[in-house]
Amino acid sequence: MGKCDGRCTLLVICSLQLVSVSLQRQVFDFLGYQWAPILANFLHIMAVILGMFGTVQFRFRYLIFYAVWLVLWVGWNSFIICFYLEVGNLSQDRDFLMTFNTSLHRSWWMEHGPGCLVTPVLDSRMAPDDHHVITVSGCLLDYQYIEVLSSANQILLALFGFVYACYVSKVFQDDEDSFDFIGGFDSYGYQPPQKSSHLQLQPLYT
């Protein structure tokens, strides 16, 4: 019963990870042309699918791969939190790490956050070619904190997933070690009847 509960819980966690990454992260990262998060999200989706497959099919190695990836996923989301909070030398104004330095696009939530009012600045000399300068005001929650909350949610799910992946993989490994084929180590197993080496002769009367 405990093994079933652990597997079901892990499947629920994996399902929540797929929904949150596919709908919450990947869509908005595509809208904001955030290429680095898009790549990381895609790898995370593949790892979660392998984790679900390993849980259903009792594959120990897939669960270990899923658990190792979750450690990297926590590290990536921790970096995103530090990036948007500009911890240390990180700066959103001069670092375009999320777009691989290929564009000036920012988080989609910068212009589309709750309550945000976007005003374009016309004829601004600060704008590069094919770009425009805008001012954003009135936001109920700044885009930095939306990105931080999203990454914090991913970290929380990853921690639960890591714990249950380790637990379920331990249960699978214990089952493999204690598994015994039917009659494999039984000295009283089935034995075929032995043929007699002596034939009983019957007299023949004519």
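I take a disulfide to be a pair of cysteine sulfur atoms within 2.5 Å. The model is a predicted one, in which local features need pLDDT of at least 70 and side-chain atom pairs count only at pLDDT 80 or more, while totals for chains, interfaces and linings use all residues. Residues are numbered from 1 along each chain as its sequence is written, and side-chain values use heavy atoms, with hydrogens and water left out.

Entry on the disulfide. I found one disulfide in the structure, and it joins C116 to C139 with an S to S distance of 1.9 Å. C116 lies in the loop between helix 4 (109-112) and strand 1 (117-121) and C139 in the loop between strand 2 (133-137) and helix 5 (143-178), so the pair ties together parts 23 residues apart in sequence; helices (H or I, at least four residues) and strands (E, at least two) are DSSP runs, numbered from the N terminus. The torsion about the S-S bond of C116 and C139 is about 125 degrees, so I noted the disulfide as right-handed.

Entry on exposure. I used buried for under 20% relative accessible area, exposed for over 50% and partly exposed for in between (1.4 Å probe, protein chains only). C116 is buried at 18%, whereas C139 is partly exposed at 23%. I also looked up C14, which is buried at 0%, and C166, which is partly exposed at 33%.
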